[in-house]
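Please look over the structure shown below before reading on. The report then takes up a few of its parts in turn.

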Amino acid sequence: MTAQSVILPLPSDHARFIAIRLGKLSIEGLKKQLSKLFSERDRLITQHPEAQIKTAIAFGPQLWTQLYDQAPQNFYQLEPQQGKFEMPVQEADVFIHIASQRTDICFALSQAFFNNVRDDLDVLEERVCFRYLDGRDLTGFIDGTENPQFKEDRAETTLLEDEAFKDGTFVFAQRYVHDLQKWQRLKVDAQENVIGRTKLESIELDDEVKPDNAHIARTVVEDDEGEELEILRHSLPYGDGHGEQGLYFVAYTKELKRIDLMLERMFGTSGDGIHDRLLHFVTPVDGAYYFAPSEELLKEIL
């Protein structure tokens with residue numbers, strides 16, 4: 001079995017994240033559009049091998065039951081958080097992750113998928129995202145520092161081992177809107193206390209000085225033996241200079257419970273009364289869980 005192409009490599013410089021509900025489009029119509037997307041992808045890979053074109057297609061729990069007669073163990077939909085801050089959920093049927101070193105190719109693949117069905121689908125999200133400077137979030141801090149760096153470790157963190165769904169993975173997608181004017185009023189040392197890392201070098205603050213409500217203090221979770229429960233982040237910033245700006249957070253994981261634990265700790269519903277201070281500056285506006293099958297199972301379904 002083989003993981004879909006976007007998952008294990010390091011994030012590309014450009015991506016499009018698309019979340020849709022089928023609306024008036026039938027399942028057979030969806031399969032036809034995905035085939036068009038793959039055909040255009042393969043053609044562009046041949047013409048532009050340097051562009052590092054990669055994709056992943058994932059499905060929400062409800063649609064998955066209509067596509068296949070089995071479901072991965074512990075595949076369920078994200079629950080909203082109602083803590084110090086609220087986190088909404090926006091369920092979609094299909095999540096599409098397109099990545100390349102060229103933004104025009106991301107556009108071309110999106111265009112291929114939507115061609116002739118724009119009026120049939122309910123498009124919840126199509127977000128154009130980009131690598132910012134040396135891999136930083138728009139807050140100015142390097143994003144994804146906790147990611148496993150070696151391919152073997154990324155696979156161990158991400159891919160299912162169950163024979164029926166081997167090399168598939170779960171996906172968490174969520175968009176955050178940043179209040180950068182509020183954020184930029186903080187001095188650098190205050191920003192570092194919010195994140196839990198130094199801004200320039202991305203060095204984690206010592207436990208003695210790192211606040212309990214620092215972002216990384218809330219999002220790093222461990223098992224009963226004290227081993228960190230890692231996830232694989234593919235998040236990228238988005239925005240316009242004059243308009244909305246933020247982060248499209250995407251994570252691949254072999255266990256959705258890891259995301260649940262992180263969100264509970266972030267939003268203050270884990271029982272210790274602490275929430276992530278970064279939420280004073282960033283606001284979640286949607287979020288959902290999906291399953292991305294292996295390349296082979298995806299071909300079987302289509």
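This is a predicted model: local features need pLDDT of at least 70, side-chain atom pairs count only at pLDDT 80 or more; totals for chains, interfaces and linings use all residues.

## Strand 7 and its partners

Strand 7, which covers residues 169-178, is mostly covered, with nine of its 10 residues buried. With strand 10 (residues 245-253) strand 7 pairs in the antiparallel sense over eight bridges, and within that pairing valine 177 has glycine 246 as its bridge partner.

Strand 12 (residues 288-292) also runs antiparallel to strand 7 and is joined to it by five bridges, one point of reference being threonine 169, whose bridge partner in strand 12 is alanine 292. Strand 11 (residues 282-284) is connected to strand 7 through three bridges, again antiparallel, and here tyrosine 176 stands opposite proline 284.

## Helix 3 and its surroundings

Helix 3 comprises 12 residues (103-114) and reaches 17 Å from its first C-alpha to its last, which is close to the 16 Å expected at 1.5 Å a residue. Its buried residues are Ile105, Cys106, Ala108, Leu109, Ser110, Ala112, Phe113 and Phe114, and these pack against strand 1 (14-21), helix 1 (27-47), strand 2 (54-59), strand 5 (94-100) and strand 6 (122-130). Just after helix 3, asparagine 116 adopts a positive phi of about 75 degrees.

In soluble globular proteins, nonpolar side chains tend to be buried together. In this model the largest nonpolar core has 61 residues, and Leu30, Phe59 and Trp64 are those with the most contacts inside it. A second, separate core of 25 residues includes Ala15, Ala19, Ala58 and Ala99.

Residues up to four places away in sequence being left out, phenylalanine 59 touches Leu30, Leu34, Trp64, Leu67, Phe75, Asp93, Val94, Tyr290, Phe291, Pro293 and Leu298.

## Aromatic pairs

A search of the whole structure finds 19 aromatic pairs. One of them, formed by tyrosine 68 and phenylalanine 165, is edge-to-face, with 6.1 Å centre to centre and 75 degrees between the planes. This pair links distant parts of the chain, 97 residues apart, since tyrosine 68 lies in the loop between helix 2 (61-67) and strand 3 (81-82), while phenylalanine 165 lies in the loop between helix 4 (151-158) and strand 7.

Both tyrosine 68 and phenylalanine 165 are buried, and both belong to a cluster, linked by ring pairs, that also contains Phe59, Trp64, Phe75, Phe170 and Phe291.

Threonine 253 lies in strand 10 and counts as buried because its relative accessibility is 0%, under the 20% cut-off. The side chain of threonine 253 reaches the backbone nitrogen of glutamate 255 at 3.1 Å. Leaving aside neighbours within four places in sequence, threonine 253 is in contact with Thr157, Thr158, Thr169, Phe170, Ile231, Arg258 and Ile259.

Lysine 210 lies in the loop between helix 6 (188-195) and helix 7 (215-219), and is likewise classed as buried because its relative accessible area is 13%. Not counting residues up to four places away in sequence, lysine 210 touches Gly196, Glu204, Leu205 and Ile216.

Terms used:
Residues are numbered from 1 along each chain as its sequence is written. Side-chain values use heavy atoms; hydrogens and water are left out. Buried means under 20% relative accessible area, exposed over 50%, partly exposed in between (1.4 Å probe, protein chains only). Helices (H or I, at least four residues) and strands (E, at least two) are DSSP runs, numbered from the N terminus. Two strands pair if DSSP finds at least two bridges between them. The expected span of a helix is 1.5 Å times one less than its number of residues. Contact means heavy atoms within 4.5 Å. A nonpolar core is a set of buried Ala, Val, Leu, Ile, Met, Phe, Trp, Tyr and Cys residues joined through side-chain atoms within 4.5 Å. A polar contact is a pair of N or O atoms within 3.5 Å; within protein, one must be able to donate a hydrogen and the other to accept it, and residues adjacent in sequence count only if both atoms are side-chain atoms. Rings of Phe, Tyr and Trp (its six-membered ring) pair if their centres lie within 6.5 Å; planes under 30 degrees apart count as stacked, over 60 as edge-to-face and the rest as tilted.
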